[in-house]
Amino acid sequence: MSFFKKMIETSDLSETDKNRLIHDIEEDKLFPIQRDSDNGVIPHQLHQNELKQIIKKQGKYYPFLLDAFEKDGKQINKIEGLLTFRVPYFVGPLVVPEDLQKSDNSENHWMVRKKKGEITPWNFDEMVDKDASGRKFIERLVGTDSYLLGEPTLPKNSLLYQEYEVLNELNNVRLSVRTGNHWNDKRRMRLGREEKTLLCQRLFMKGQTVTKRTAENLLRKEYGRTYELSGLSDESKFTSSLSTYGKMCRIFGEKYVNEHRDLMEKIVELQTVFEDKETLLHQLRQLEGISEADCALLVNTHYTGWGRLSRKLLTTKAGECKISDDFAPRKHSIIEIMRAEDRNLMEIITDKQLGFSDWIEQENLGAENGSSLMEVVDDLRVSPKVKRGIIQSIRLIDDISKAVGKRPSRIFLELADDIQPSGRTISRKSRLQDLYRNANLGKEFKGIADELNACSDKDLQDDRLFLYYTQLGKDMYTGEELDLDRLSSAYDIDHIIPQAVTQNDSIDNRVLVARAENARKTDSFTYMPQIADRMRNFWQILLDNGLISRVKFERLTRQNEFSEREKERFVQRSLVETRQIMKNVATLMRQRYGNSAAVIGLNAELTKEMHRYLGFSHKNRDINDYHHAQDALCVGIAGQFAANRGFFADGEVSDGAQNSYNQYLRDYLRGYREKLSAEDRKQGRAFGFIVGSMRSQDEQKRVNPRTGEVVWSEEDKDYLRKVMNYRKMLVTQKVGDDFGALYDETRYAATDPKGIKGIPFDGAKQDTSLYGGFSSAKPAYAVLIESKGKTRLVNVTMQEYSLLGDRPSDDELRKVLAKKKSEYAKANILLRHVPKMQLIRYGGGLMVIKSAGELNNAQQLWLPYEEYCYFDDLSQGKGSLEKDDLKKLLDSILGSVQCLYPWHRFTEEELADLHVAFDKLPEDEKKNVITGIVSALHADAKTANLSIVGMTGSWRRMNNKSGYTFSDEDEFIFQSPSGLFEKRVTVGELKRKAKKRSK
């Protein structure tokens with residue numbers, strides 16, 4: 001480059017030309033090569049025309065260039081066919097599932113053949129059934145119903161699904177009528193059938209977006225009164241529409257669309273699946289009832305996305321009730337009830353009198369019908385991670401059932417809060433910044449906006465700080481300014497609906513205040529009228545600017561007591577998990593274990609409350625993995641207590657639970673009043689009524705009403721605390737082959753040693769000394785062999801696995817291994833297949849095998865609970881940095897290392913040097929050393945940089961490029977899913993067995 005620059009600068013060219021050429025050199029635009037990706041901008045047709053001219057001129061000298069094949073009744077040149085051929089995306093990979101190996105991913109293969117044989121661009125239409133492949137492509141794209149296992153969902157833009165969305169939104173809307181000069185909140189009601197029909201026919205069926213104002217104006221014009229609509233998903237407009245219906249009516253006419261809805265739905269399905277116009281046109285032409293002109297219009301529309309519900313769920317007449325002009329109750333579908341009444345989907349499904357929940361359960365109980373467990377779980381609308389958890393849970397239950405000799409009498413399930421994320425998340429900071437850009441807020445609250453800009457997303461994960469900004473820096477009960485520097489010490493987070501009523505810890509149920517106790521009436525859970533009246537305008541400002549939700553505003557301004565219906569819902573949420581995925585998993589387990597009353601999904605808040613009740617509120621994932629077992633124990637004990645107290649009947653919440661809940665609330669209010677009269681401001685955090693009943697001093701709250709037996713006592717609590725602090729708990733990890741990439745996809749040049757010794761880029765670039773290559777062929781599993789008196793692991797890469805298949809013989813293995821080292825041709829095969837994460841006892845320490853050259857620690861660290869809590873506080877920046885406290889914690893950790901971690905153990909000299917170096921460090925560096933050691937002791941691949949105390953930068957990393965060798969005393973440990981059953985085999989035993997096989 002410098003050579004050409006010098007040549008240009010010394011030339012006789014004008015300054016303009018010189019500058020242009022130098023600029024082109026710097027931008028890598030001078031002297032472009034012909035074989036370059038930039039040539040992709042040249043239109044495909046130019047390449048094709050050039051090819052035709054070459055074939056025409058050279059064909060008379062080379063006749064084979066003129067060879068042709070027949071397609072669609074036309075003769076096409078074979079070479080030209082190669083240029084224009086593309087495998088249709090809806091056909092997918094050109095391998096049918098039946099031809100795959102067992103370990104290959106058959107989910108990504110759906111092609112349907114017309115006949116067997118080699119597929120070429122010239123016989124593609126003869127060999128591949130494109131229409132059948134297209135139908136398979138549609139089936140694999142469609143999701144499954146959130147309620148009915150395995151039922152395909154509707155396209156999000158189908159006529160039926162859009163109608164459901166509109167009705168569901170309309171049935172959630174509240175209508176207020178103005179009385180005099182003010183709106184009466186207590187007179188808010190749902191839309192009646194007449195108002196709903198009016199809005200649908202006059203607004204929604206036009207196919208356009210309907211705004212709140214347009215709907216209110218239509219109602220006022222029709223009925224002569226002033227209305228206000230509330231409860232919309234978007235404060236200014238309805239988020240649902242009947243856009244597809246409007247578009248179809250413009251093409252076919254309203255009458256034709258209403259008479260041929262099935263055809264319309266099929267058209268929408270094709271428009272959702274096929275984006276390519278040519279393919280879509282081909283599929284549309286196969287439908288009866290639409291003309292070529294119609295196809296030309298329809299082909300220009302492409303929809304995206306699938307809904308959550310199936311046609312079967314919405315249209316099956318499974319609920320019994322009277323609607324419209326029914327003389328007597330009869331069967332109706334969900335969509336019929338939604339059209340006629342003001343109930344939303346959840347209200348219809350959960351109404352036991354209608355019977356939809358029972359119908360859904362019966363349908364799901366019959367969902368297996370010969371399907372494997374994996375196939376049934378695969379139909380659930382959850383992430384692959386959750387599906388693996390469900391499968392593992394069932395295997396665990398099977399294992400425990402085998403150990404105790406019988407099936408479980410009760411199964412309690414807990415679902416994590418983040419199992420079904422609702423969609424794309426926006427950071428708290430971005431959301432707040434968007435709101436503060438509002439002209440009114442940006443001007444009046446500029447100081448707070450500047451403070452917000454100085455915060456990081458991590459800072460705003462602190463709920464106190466986030467609430468501070470959503471409240472414009474003011475106390476939610478008094479309107480006084482909050483001191484930003486004293487948020488953690490001077491203010492409380494108060495729950496609008498107290499936790500004694502329902503365990504709702506969402507932002508919509510919390511406010512930041514100075515004195516929470518003075519806000520409520522002494523005889524109810526609502527706020528004192530003077531607070532609601534004084535603060536209503538401020539709360540309205542927050543609502544209008546999007547800083548609080550409509551739900552939060554209505555909770556704050558509420559003055560009427562909770563209805564019996566609301567209390568029933570609170571009890572349900574306090575006790576059981578209401579999300580549909582939990583119900584589906586419970587149904588699956590009832591199918592498997594046979595007891596319809598045994599499987600109960602519990603609210604995840606119960607686990608948190610149990611930890612707090614037992615004094616185990618700290619949870620640190622860096623120390624060990626015991627918290628999983630502790631959580632399971634807590635949810636199981638809470639569920640067992642609720643069942644023994646009679647809070648469940650046939651797997652559902654009983655009337656007895658409702659009565660106990662009401663009594664618990666009365667007692668809570670009485671205690672609250674007593675604390676207020678005693679001027680006790682230390683309210684503490686309330687317990688929900690399940691754990692609150694367990695810790696109650698009133699024995700009647702811990703008695704089974706049917707038998708009179710005390711079902712929970714202080715002795716039970718003490719024993720449970722002892723179990724929670726066990727030193728040893730069974731921990732198992734997923735063991736399996738690592739099928740994935742063939743190699744590290746980084747390209748290394750021939751100047752890099754990794755490139756020279758690497759894997760060739762392709763068949764045309766075999767010489768890695770010239771072209772470089774990929775490094776690190778990925779291992780699929782390992783083989784344990786004995787060769788020349790040494791026992792070692794040898795990796796089998798993904799490339800080698802593709803040659804060996806699933807069940808290679810010893811001779812086939814030796815043939816592949818011999819390519820690594822010739823001596824392996826005579827090796828004894830001790831274990832043909834050692835999967836990733838196989839547990840071993842190696843040199844006295846528990847390890848798992850990551851590959852032939854890498855082992856990970858599998859020993860779980862245990863600390864006394866006092867030190868556990870101190871470390872947890874320390875790692876979060878809360879703990880004391882006192883010299884003696886840090887030294888005591890270090891000594892405790894090192895004591896565990898010396899006893900339980902032979903591969904991490906220090907010599908006496910190393911230990912002494914470490915203490916000397918540690919004592920010289922400042923306190924914050926001491927903290928980093930301790931957290932680093934604990935992180936490296938966790939049962940995973942982490943290491944610690946202890947160079948600051950004279951150790952290595954990757955302390956105790958178990959990595960050996962030449963591979964680990966084994967002694968006869970080392971053990972391979974084969975565990976069942978729970979770890980209750982295991983088989984240990986020493987390397988010496990494996991040698992003896994191999995010797996017997998060879999005789």
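Modeller: A ground rule first: axes are lines fitted to C-alpha atoms, for helices over the stretch in contact, with angles from 0 to 180 degrees between N-to-C directions. Helices (H or I, at least four residues) and strands (E, at least two) are DSSP runs numbered from the N terminus. This is a predicted model, where local features need pLDDT of at least 70 and side-chain atom pairs count only at pLDDT 80 or more, while totals for chains, interfaces and linings use all residues. Numbering runs from 1 along each chain as its sequence is written, and side-chain values use heavy atoms, without hydrogens or water.

Biologist: At what angle do helix H10 and helix H12 pack?

Modeller: H10 covers residues 243-252 and H12 covers 261-273. Their axes lie 12 Å apart, and the helices pack at about 110°.

Biologist: Which residues of H12 make the contact?

Modeller: Contact means heavy atoms within 4.5 Å. H10 brings Thr244, Tyr245, Met248 and Phe252. On the H12 side, the contact is made by Arg261, Met264, Ile267, Val268 and Gln271.

Biologist: And H21 with H23: how do they lie relative to each other?

Modeller: The axes of H21 (428-436) and H23 (446-454) come within 10 Å and cross at roughly 155°. The crossing of H21 past H23 is left-handed. H21 and H23 are therefore roughly antiparallel.

Biologist: On to holes: what volume does the largest cavity have?

Modeller: On a 1 Å grid over the protein atoms alone, a cavity is a set of points where a 1.4 Å probe fits but cannot get out; a pocket is an open set with protein on both sides within 12 Å along at least five of seven lines, and lining residues have an atom within 4 Å of a point. The structure holds five cavities of 30 Å³ or more. The largest cavity comes to about 140 Å³.

Biologist: Which helix gives the largest share of the lining of the largest cavity?

Modeller: Of its 15 lining residues, Gln630, Met724, Asn725, Tyr865 and Tyr868 are closest to the centre. Helix H31 (626-644) and helix H39 (865-875) each supply at least two. The largest share, three residues, comes from H31.

Biologist: Which strand gives the most to the lining of the second largest cavity?

Modeller: That cavity has about 90 Å³. Among its 14 lining residues, Leu855, Ala941, Lys942, Arg956 and Met958 sit closest to the centre. With four residues, the top contributor is S24.

Biologist: And in the second largest pocket, where does the largest share of the lining come from?

Modeller: The pocket takes up about 1300 Å³. Of its 37 lining residues, Ser776, Ala777, Asn795, Ser851 and Lys961 are closest to the centre. The largest share, five residues, comes from S20.

Conventions
Parallel < 35°, antiparallel > 145°, perpendicular 65-115°, else oblique. Left-handed = near helix turned anticlockwise from the far one by under 90°. Points joined across faces, edges and corners; volume = space filled by probe spheres on them.
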